[in-house]
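Subject: Structure handover

Hi,

Here is the structure for you to look over. My notes on what turned up follow below it.

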Amino acid sequence: QHEKEKLTWSDRMPGYAANFGLILFMIMLTFSAVFGVIVYRITTAAALSFSTNEATRSNVRVTVTATAVIINLVVILILDEIYGAVAKWLTEIEIPKTEKTFEERLILKAFLLKFVNSYAPIFYVAFFKGRFVGRPGRYVYVFEGYRMEECAPGGCLMELCIQLSIIMLGKQLIQNNLFEIGIPKLKKLFRKLKDERTEPKEMDTNQAKDPQQWDLDYILEPFTGLTPEYMEMIIQFGFVTLFVASFPLAPLFALLNNIIEVRLDAKKFVTELRRPDTVRAKDIGIWYNILSGIGKLSVIINAFVIAVTSDFIPRLMYQYAYSQNGTMHGFINHTLSYFNVSHLKAGTQPQNSPFAQDVLFCRFKDYREPPWSPNQYEFSKQYWAVLSARLAFVILFQNLVMFLSVLVDWMIPDIPKDISQQIKKEKTVLVDFFLKEEHEKLKLIESFIMRDKQKHKSGTKSGTKSRRSRAASFSQFSRSPKGSFTSFSSQHTVV
């Protein structure tokens with residue numbers, strides 16, 4: 001009965017297997033939601049293109065983009081709440097040994113799920129939309145009838161900005177502000193109604209008129225920890241840093257949100273939640289590693305956004321490598337390829353052409369060989385040159401930013417100079433104080449030893465002879481011969 005039972009690997013393996021399977025399933029669920037929104041975009045754009053209203057047909061892209069982003073926002077808010085509860089349950093079935101281990105595993109699972117859920121639609125628009133659409137005559141179709149969606153003629157950077165702004169502002173307004181105030185109030189009301197139904201009414205009128213403070217505190221919602229608060233800031237930090245190249249106003253909106261949320265959190269902690277238990281902590285724990293990882297990842301992602309999503313590199317390449325006079329004149333024509341309309345498959349030709357005469361060639365945005373080339377419709381030399389420049393820019397940008405971050409970290413100390421000097425002064429004062437105390441102790445010990453010697457000599461000798469010997473011994477002791485206590489105390493003080 002007194003033996004301690006320990007869980008073996010065979011006991012923990014079902015919990016680990018359930019964790020791996022469910023986390024993989026929820027990540028695939030997020031990707032499925034993103035794919036569902038993609039199908040919605042494609043089908044809605046096709047349906048609105050056949051509308052008889054001219055205004056509807058002219059605003060197809062804006063309508064589809066706005067409604068799809070709102071759907072993405074709603075899905076993200078719903079899945080965030082589900083993923084938080086599932087992550088807690090998955091951590092419980094692992095049976096961690098300590099509370100610290102439980103918190104770290106819970107934070108890691110919740111962050112992984114919410115990271116994928118929050119940023120998957122943005123990653124799709126930034127790096128995948130318009131990349132796998134094919135070319136005229138060989139388009140990629142979904143469900144054998146709908147073409148994969150393409151970016152706008154100006155690229156996907158503007159759509160990425162719209163997507164990021166709506167999702168970021170929507171999460172901050174709905175999840176970080178309204179939910180933080182509304183949910184504790186609803187829980188408090190539900191708890192109060194439940195207590196009134198289950199507990200009998202007391203007849204004490206004085207207590208009903210003037211309830212005690214502990215009664216008021218008991219009605220409040222229990223404090224569940226700082227993990228949700230940290231998670232909000234981490235996700236917001238990801239929005240601000242990961243795609244800041246496409247939405248430069250993200251830090252400003254984050255600052256305004258944090259100014260408002262400081263007051264909302266103060267009201268929530270004071271009036272809606274019970275007083276939290278004090279727990280000592282050395283640092284912020286695993287959150288520092290997550291912040292550091294997001295900071296390093298943001299450098300790579302912003303490099304790819306500038307190089308791949310925007311037209312920054314193609315414009316530079318054209319201006320300095322292909323332009324005749326060093327200007328951007330002719331850039332649009334340079335980025336368009338030729339296609340022979342007779343190479344279209346049967347049934348895929350455009351109908352109701354607005355042109356009066358027959359069109360032999362059309363232009364599409366890509367770097368491909370013309371139809372009269374031996375390698376028709378293959379990627380041209382310009383495509384590989386631009387691709388090489390993009391990859392080179394990513395490598396240079398990443399190493400430059402990493403070098404600057406290390407340089408700034410080295411130049412700015414973790415502890416300010418005035419504080420470090422104050423710490424040194426405090427240490428010096430503390431050492432002097434301890435040395436002074438030790439010196440006083442040695443003096444006290446010397447006085448006791450001298451008193452014992454005097455008593456011993458007074459007992460063996462009497463009269464004047466004893467007084468002379470006592471005076472001589474005192475003079476010898478005061479002269480500090482080698483090995484005396486005075487010399488030892490002086491040596492100790494110097495050390």
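The charged end of Arg363 sits over the ring of Tyr338, 3.9 Å from the ring centre. The rule for a charge over a ring: NZ of Lys or CZ of Arg within 6 Å of the ring centre and within 35 degrees of the ring normal. Arg147 lies over the face of Tyr139, at 3.6 Å from the ring centre.

Basis of the numbers. This is a predicted model, where local features need pLDDT of at least 70, side-chain atom pairs count only at pLDDT 80 or more, and totals for chains, interfaces and linings use all residues. Residues are numbered from 1 along each chain as its sequence is written, and side-chain values use heavy atoms, with hydrogens and water left out.

Confidence. Mean pLDDT (the predictor's confidence in each residue, from 0 to 100) is 83 for the protein chain, and 89% of its residues reach 70 or more. Over residues 469–495 pLDDT stays under 50. The model has 21 contacts beyond four places in sequence for that stretch; contact means heavy atoms within 4.5 Å.

Fold. The chain has 16 helices and six strands. These are DSSP runs numbered from the N terminus: helices are H or I with at least four residues, strands E with at least two. Of the 495 residues, 31% are buried. Buried means under 20% relative accessible area, exposed over 50%, partly exposed in between (1.4 Å probe, protein chains only). Among contacts with a separation of 6 or more, 75% join residues 24 or more positions apart.

Cores. A nonpolar core is a set of buried Ala, Val, Leu, Ile, Met, Phe, Trp, Tyr and Cys residues joined through side-chain atoms within 4.5 Å. The largest has 41 residues, and Ile122, Phe239 and Phe243 touch the most other members. Helices giving two or more residues to this core include helix 1 (9–49), helix 4 (99–128) and helix 10 (286–309). Helix 4 gives the most, with 13 residues. Beyond four places in sequence, Phe243 contacts residues including Ile122, Phe127, Leu164 and Val305. A second, separate core has nine residues, among them Ala303 and Met317.

Helix 9. Its buried residues include Ala250, Asn257, Glu261, Asp265 and Lys268. They pack against helix 5 and helix 8.

Aromatics. There are 19 aromatic pairs. Rings of Phe, Tyr and Trp (its six-membered ring) pair if their centres lie within 6.5 Å; planes under 30 degrees apart count as stacked, over 60 as edge-to-face and the rest as tilted. Tyr318 and Phe331 have ring centres 5.8 Å apart and planes at 65 degrees, so this pair is edge-to-face. Tyr318 is in helix 11 (residues 312–322) and Phe331 in helix 12 (residues 331–335), so the pair ties together parts 13 residues apart in sequence. Both residues are buried. Phe433 and Phe434 also pair edge-to-face, at 6.0 Å and 65 degrees. Phe433 is partly exposed at 45% relative accessible area, and Phe434 is partly exposed at 49%. Phe111, Phe115, Tyr119 and Phe239 form one cluster.

Record. An unreviewed UniProt entry lists "transmembrane region" for stretches including residues 286–308 and 391–412. UniProt positions are in the numbering used here, feature names are shortened, and annotations may be inferred rather than shown by experiment. In the model, residues 286–308 are 100% helix, with end C-alpha atoms 32 Å apart. Residues 391–412 are 95% helix, with end C-alpha atoms 32 Å apart.

Best wishes
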